[in-house]
Amino acid sequence: MKKLLQYLKDYKLESVLAPLFKMLEASFELFVPLVVAQIIDRGIANNDYGYIVRMCLVLVALGIIGLVCSVTAQFFAAKAAVGFSTKLRHALFAHIQSLSHREIDSLGTSTLITRMTSDINQTQSGVNLFLRLFLRSPFVVFGAMIMAFTIDVPSALVFAVAIPVLAIVVFGIMLVTMPLYKKTQNALDVITRKTRENITGARVIRAFRMEDREIEDFNEKSGALVKLQKHVGAISALMNPLTYVLINAAVIALIYCGALRVDAGALTQGQVVALYNYMSQILVELIKLANMIITLTKALACANRISAIFDEKSSLENGTEVSGISGAPAVEFENAALTYSGSSGAAVERISFRAERGDTIGIIGGTGSGKTSLISLIPRFYDTSDGRVLVDGRDVREYDIDALRAKIGVVPQKAVLFKGTIMSNMKWGAQDADQAAIDKAVAAAQAEDVVRAKDGYEAEVEQGGANFSGGQKQRLTIARALAKKPEILILDDSASALDFATDARLRKAIASLETKPTVFIVSQRAASVMHADKIIVLDDGEPAGMGTHDELMENCDIYREIYNSQFGA
């Protein structure tokens with residue numbers, strides 16, 4: 001939690017004023033029992049109605065002043081809490097963006113979503129409640145006890161005994177529930193992950209008629225969360241009855257002791273009522289304090305989970321170089337290998353080849369052969385576990401990451417469009433791209449008919465491109481990559497939804513681009529790579545062959561088998 005407090009530094013004034021105004025409210029509240037005692041002992045006892053009216057006006061004045069102080073404190077507390085959560089959310093999002101794919105894979109998307117939403121909201125509630133009550137409640141509790149001692153020391157000893165016992169109960173329950181709330185939030189991660197998985201894969205679930213099994217699985221995980229919440233809720237629920245029992249026992253002791261003192265002439269009836277009111281104030285404040293501690297316990301558990309994300313550091317150390325070596329090959333792999341975190345074996349290994357500027361490199365192989373893993377090393381989504389990858393003659397680890405990725409245009413295997421317009425999506429890679437450059441990119445990507453069908457570039461794009469077909473999304477994502485005029489273009493199976501004629505026109509258009517990028521085409525179609533300057537055939541993460549189409553047809557059994565299966569012997 002300490003690490004997160006830095007996001008409150010811009011709200012120091014509000015963080016000070018909120019508890020101060022709450023304390024002022026509490027101060028005026030502590031005078032109320034004394035005024036009531038005076039009304040009883042002087043006004044009612046002497047039938048002095050004028051005095052009673054004056055004292056009632058004093059009570060009204062104390063109430064109005066307390067209300068103003070309370071509203072002011074609420075305003076400052078809310079401003080500080082909302083500002084804190086806003087800055088924290090922005091910082092957490094920026095930090096997640098800085099993490100490499102390795103850390104994001106390890107943490108899990110559902111966990112990150114939960115911590116960006118539920119955990120931060122819970123932390124915001126904790127900060128808000130803390131600013132409002134952390135001074136007020138202890139001040140009222142100890143202030144009421146001190147005021148009781150000023151009225152009558154023997155009777156006030158009941159306060160001195162009751163308050164420590166209540167503190168033991170409250171803080172004991174807090175210590176027990178804190179780790180349980182952390183488990184509850186982890187269980188919520190599981191529910192979020194399951195929900196996200198089902199929404200993303202809704203079509204697959206329906207296609208295989210697995211709705212009943214998924215509902216049963218969700219109910220099982222939801223039941224586990226409910227069971228955990230009931231358990232921690234049952235322990236937290238002990239707070240109110242236990243504090244009520246202890247307070248009422250203290251009230252009984254106070255009234256008994258007060259009655260004896262009144263009978264002995266040491267106390268007045270008004271003073272006994274004042275002592276009772278102070279005990280009632282303590283009861284109310286301890287209940288508030290108990291609720292605050294429950295909320296703070298949840299907030300602290302959530303804050304620790306958020307801090308754990310901030311503790312995650314990117315495994316990619318940023319370099320300083322911003323340009324390559326003149327005349328060097330565009331891309332070079334030197335015995336490169338990649339092993340994913342937690343994996344027992346390498347996804348790809350012993351990869352060595354060279355791609356000159358303007359070359360087209362085809363990468364082909366069966367499902368799971370490591371094609372995407374190989375090209376992920378070029379923009380440094382992952383670091384090699386062995387060997388190295390060079391771009392323009394420099395190891396990618398020496399580059400400033402932004403400078404490296406500015407050279408590269410990537411079209412991912414799964415076409416992703418972002419909510420906005422077609423134009424806003426086209427400008428993702430090149431904010432300063434003019435209309436002519438975007439028109440050329442769209443034309444090269446064979447996406448002109450898509451733009452026309454949607455009535456122009458200002459057509460709305462729904463989240464994930466839900467209002468576009470698979471082929472339309474693929475062509476628009478290719479156009480988006482081409483708009484930035486990359487030196488290296490990576491097409492990761494990005495034409496799988498296109499027909500063969502469109503795919504052929506796309507490859508021809510890319511080959512005739514004025515910028516002459518070095519192109520990497522990942523595909524399971526032999527037709528997509530057969531005209532490449534060099535084809536790399538992968539089998540279980542290792543190169544099974546490397547060369548031109550004709551060379552591989554002669555020397556590589558796996559490539560020949562792929563080709564024959566698609567074109568016939």
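The legends below describe close-up views of a predicted model.

Residues are numbered from 1 along each chain as its sequence is written, and side-chain values use heavy atoms, with hydrogens and water left out. Because the model is predicted, local features need pLDDT of at least 70 and side-chain atom pairs count only at pLDDT 80 or more, while totals for chains, interfaces and linings use all residues.

View 1. An unreviewed UniProt entry gives the annotation "domain: ABC transmembrane type-1" to residues 16–298. UniProt positions are given in the numbering used here, with shortened feature names, and annotations may be inferred rather than shown by experiment. Over residues 16–298 the chain is 93% helix and 0% strand, where helices (H or I, at least four residues) and strands (E, at least two) are DSSP runs numbered from the N terminus. The end C-alpha atoms of this span are 23 Å apart. Under "transmembrane region", the unreviewed UniProt entry lists residues 52–77, 133–151, 157–176 and 237–256. Residues 52–77 are 100% helix and 0% strand, with end C-alpha atoms 37 Å apart. Residues 133–151 are 89% helix and 0% strand, and there the end C-alpha atoms are 26 Å apart.

**View 2. The second largest pocket.** This pocket has a volume of about 500 Å³. Of its 24 lining residues, F130, L289, M292, I293 and L296 are the closest to its centre. On a 1 Å grid over the protein atoms alone, a pocket is an open set of points with protein on both sides within 12 Å along at least five of seven lines, and lining residues have an atom within 4 Å of a point. Grid points are joined across faces, edges and corners, and a volume is the space filled by probe spheres set on the points. Helices α4 (109–133), α5 (136–151), α6 (153–200) and α10 (269–311) each supply at least two residues of the lining. The most come from α10, with seven residues. By class, the lining has 22 nonpolar, two polar and no charged residues. Ala, Val, Leu, Ile, Met, Phe, Trp, Tyr, Cys and Pro count as nonpolar, Asp, Glu, Lys and Arg as charged, and the others, Gly among them, as polar.

**View 3. The two cavities.** A search of the whole structure finds two cavities of 30 Å³ or more, a cavity being a set of grid points where a 1.4 Å probe fits but cannot get out. The largest cavity has a volume of about 90 Å³. Thirteen residues line this cavity, and the closest to its centre are S494, A495, D503, I521 and S528. Both α17 (500–511) and β10 (518–523) supply at least two residues of its lining, which has five nonpolar, four polar and four charged residues. The second largest cavity holds about 40 Å³ of space. Its lining consists of L377, R380, Y382, D383, T384, R388, V389, D395, V396 and R397, divided into four nonpolar, one polar and five charged.

View 4. UniProt places "domain: ABC transporter" (unreviewed entry) at residues 331–565, a span that is 34% helix and 26% strand, with end C-alpha atoms 31 Å apart. An open sheet of six strands has the order β6-β9-β10-β3-β11-β12, with mixed pairing; two strands pair if DSSP finds at least two bridges between them. β6 (408–411) and β12 (542–547) stand at the edges with a single partner strand each, so one side of each is left without a neighbour in the sheet. Neighbouring strands are turned by 15 degrees against each other on average, direction ignored. β3 (residues 360–365) and β11 (residues 534–539) are parallel and pair over five bridges, and I363 has I536 in β11 as its bridge partner.

View 5. β11 and β12 pair in the antiparallel sense over five bridges, with D539 opposite E542 in β12. Two residues lie between the strands of this hairpin, where D540 takes a positive phi near 55 degrees. Helix α20 (residues 557–567) lies across β3, β11 and β12, running at about 100 degrees to β11. Contact means heavy atoms within 4.5 Å; axes are lines fitted to C-alpha atoms, for helices over the stretch in contact, and angles run from 0 to 180 degrees between N-to-C directions.

**View 6. The four-stranded sheet.** Four strands form an open, antiparallel sheet in the order β2-β1-β4-β5. The edges are β2 (348–355) and β5 (394–395), each with a single partner strand, so one side of each is left without a neighbour in the sheet. Five bridges join β1 (residues 331–338) to β2, and the bridge partner of F333 is F353 in β2.
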